[in-house]
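Work through each task before reading its solution.

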Amino acid sequence: MQTKRLPIAKVAAALACSSTMAACAAPKPAAPPASERPLPLIVHADGRHALFVDGAPFLMLGAQINNSSAWPAVLPKVWPAIEYLHANTVEMPIYWEQLEPEPARFDFSVVDTLLAEARAHKVYLVLLWFGTWKNGSGHYMPQWAKRSPERFPRMLDERGRPVDSPSPFAETALEADTRAFTALMSHLKARDAERTVLMVQVENEPGTWGHVRDFSPEAEKRFEAAPPPELLAALRKPAAAASWHDAFGDDADEFFHAWSVARYVGRVAAAGKAVYPLPLYANAALRDPLDPGRPPKYESGGPTDNVIEIWKAAAPALDLVAPDIYMGDSPRYLKVLELYDRRDNPLFVPETGRGPGFARYFFAALAHGAVGFSPFGVDYTGYVSAPLGGTRVTEENMAQFALNYRLAGPMQRVLAGLAFEGKLKAVVEEKDKPKQTFELGAWSVNVSYGVGHFGPGKDPPGNPEPIGRALVGDLGNDQFLVAGFFCRVDFQRRDEASGKQREFVRVEEGAYEGTAFRTARIWNGDQTDWGLNFSSVPEVLRVSLGTF
Ligand code: DGJ
């Protein structure tokens, strides 16, 4: 895996100019020339993770375009939406059917246009390899593959009927996909010294809808055999299991499919990574985190939360597995973030609903140290995936996302650095929960929703819709970075028994330029007497606290 584990002292050094320290007041040095740019890299320390870009933690403020929008002719309808959102990273598909129109003849013209236009619009790219699997099917296989079903077979169900999902045991398909993906990665290596591409997604929501696994003769033979020893070891199962059923009981079919799909994806990923070691990941169509049931209730075989360890063992070339989150309710959304933020898995939300209610979850992702976050379907082609969260794509209904990115954009390096050091906390409003408290160092932070700006705001009613969100970063020495929308934030000493009360020694509103904070004004009087009130205006505060 192209990842790096750093001892915490080294992390502090790496962050010296990325987050909070006084030395960072110096202007940011110019980015190194393209030929010397380091590769984007996932770095791990103390169970936390960061995406390093140009050698320091970076936060992807993402937007994913619609499935059929990564064509040169369509890009004019993409860029205005990206600009409005203030995204710094755009997720765009690369279509196998376009890249390899005839076996072993590659057409990189579209990739080259995407690179050129992304650079012209000053954004990074995450490329999505629509190869063997796209939402569980093989619809992006080139025509020549679709016309050879014997070499590119679909799965079979229990009655021997073909299923609209590729068999993970198709060696010819695996070889062909590997060749194409490797060609793509080689091309990026040759053409992207500027490191416009930060990460690559391998396949798209791999697995199968409607069926738990392949029942082809090849699959049956493997299912009756002993599971691979490395899988048994990874899942801490006795090495002596004679069959999948023997080892995993009722989970056997699902685990078998997860292992088989992950092995395939892992082999494609490993081959690509061997030629150009960018961070790689696979995305998951989720199961309900609170009431999962079993396949076919959800897509089988992909990196759902119950098989993350299987994916880790089967596909070590992937740096992470990532949830596509379209569940709008906060208990489910927050649970998914918790499940994918693991010591062995950096959190990345490569797709999420675009409805206004989803915007606040950007803050929840920050609280989990996410390396990036990305609403889905951001372009003005007119396509609307409404049930997945989001009506027509207009500035008005993307406004909450744009607010997030306008706020976070100038200080994304600071936020990423604080998160990597474990010094960033954030909360989001939940329905019928108008008050929240969390701890940061010697302080409790109280966040309330729906109160007016003036007055004690004792019994906050909550906002009419739960859209509030707040973040607090610990800058050291009782100084905090505070920001949010539609909320009030206040602090209280945790050792209240000592009788000490909080004093706002100095509250500066300003903006980060790189990692240096520039003060624009000082808040005092009405603006601080009742706490720090945030409305729909992106405001960043540097707050120095004391006691009396
Ligand atoms: C999840 C997939 O990963 C996306 O490509 C897209 O199909 C959405 N679902 C639905 O719009």
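**Exercise 1. Find the bridge partner of Leu61 in strand 14 and describe the sheet around it.**

Step 1. Leu61 has Phe373 as its bridge partner in strand 14. Helices (H or I, at least four residues) and strands (E, at least two) are DSSP runs, numbered from the N terminus. The model is predicted: local features need pLDDT of at least 70, side-chain atom pairs count only at pLDDT 80 or more, and totals for chains, interfaces and linings use all residues. Residues are numbered from 1 along each chain as its sequence is written, and side-chain values use heavy atoms, with hydrogens and water left out.

Step 2. Strand 5 (residues 60-64) and strand 14 (residues 372-375) run parallel and are joined by 2 bridges. Two strands pair if DSSP finds at least two bridges between them.

Step 3. Contact means heavy atoms within 4.5 Å.

**Exercise 2. At what angle do helix 4 and helix 6 pack, and which residues make the contact?**

Step 1. The angle between helix 4 (residues 109-120) and helix 6 (residues 171-191) is about 40°, and their axes are 11 Å apart. Axes are lines fitted to C-alpha atoms, for helices over the stretch in contact, and angles run from 0 to 180 degrees between N-to-C directions.

Step 2. Helix 4 is therefore oblique to helix 6. Angles under 35 degrees count as roughly parallel, over 145 as roughly antiparallel, 65 to 115 as roughly perpendicular and the rest as oblique.

Step 3. Val111, Asp112, Leu115 and Arg119 of helix 4 meet Leu184, His187, Leu188 and Arg191 of helix 6 in this contact.

**Exercise 3. Which word describes how helix 7 and helix 10 lie to each other?**

Step 1. The axes of helix 7 (residues 217-224) and helix 10 (residues 252-275) cross at roughly 115° and come within 11 Å.

Step 2. Helix 7 and helix 10 are therefore roughly perpendicular to each other.

Step 3. Ala219, Arg222 and Phe223 of helix 7 make the contact with Ala252, Asp253 and Phe256 of helix 10.

**Exercise 4. In what order do the strands of the open sheet run?**

Step 1. The 6 strands are ordered 15-18-19-24-21-22, and their pairing is antiparallel. Strand 15 (424-428) and strand 22 (516-523) are the edge strands, each pairing on one side only.

Step 2. Over 5 bridges, strand 19 (residues 479-485) pairs with strand 24 (residues 540-547) in the antiparallel sense. Opposite Val482 stands Leu541 in strand 24.

Step 3. Helix 14 (residues 399-408) lies across strand 18 (469-476), strand 19 and strand 24, running at about 160° to strand 19.

**Exercise 5. Where are a cis peptide bond and a positive phi found?**

Step 1. Most residues other than glycine have a negative phi, and most peptide bonds are trans.

Step 2. The bond from Pro295 to Pro296 is cis, with omega near 10°. Pro296 lies in the loop between strand 11 and helix 11 (308-314).

Step 3. Glu203, although not a glycine, has a positive phi of about 70°. Glu203 is placed in strand 10.
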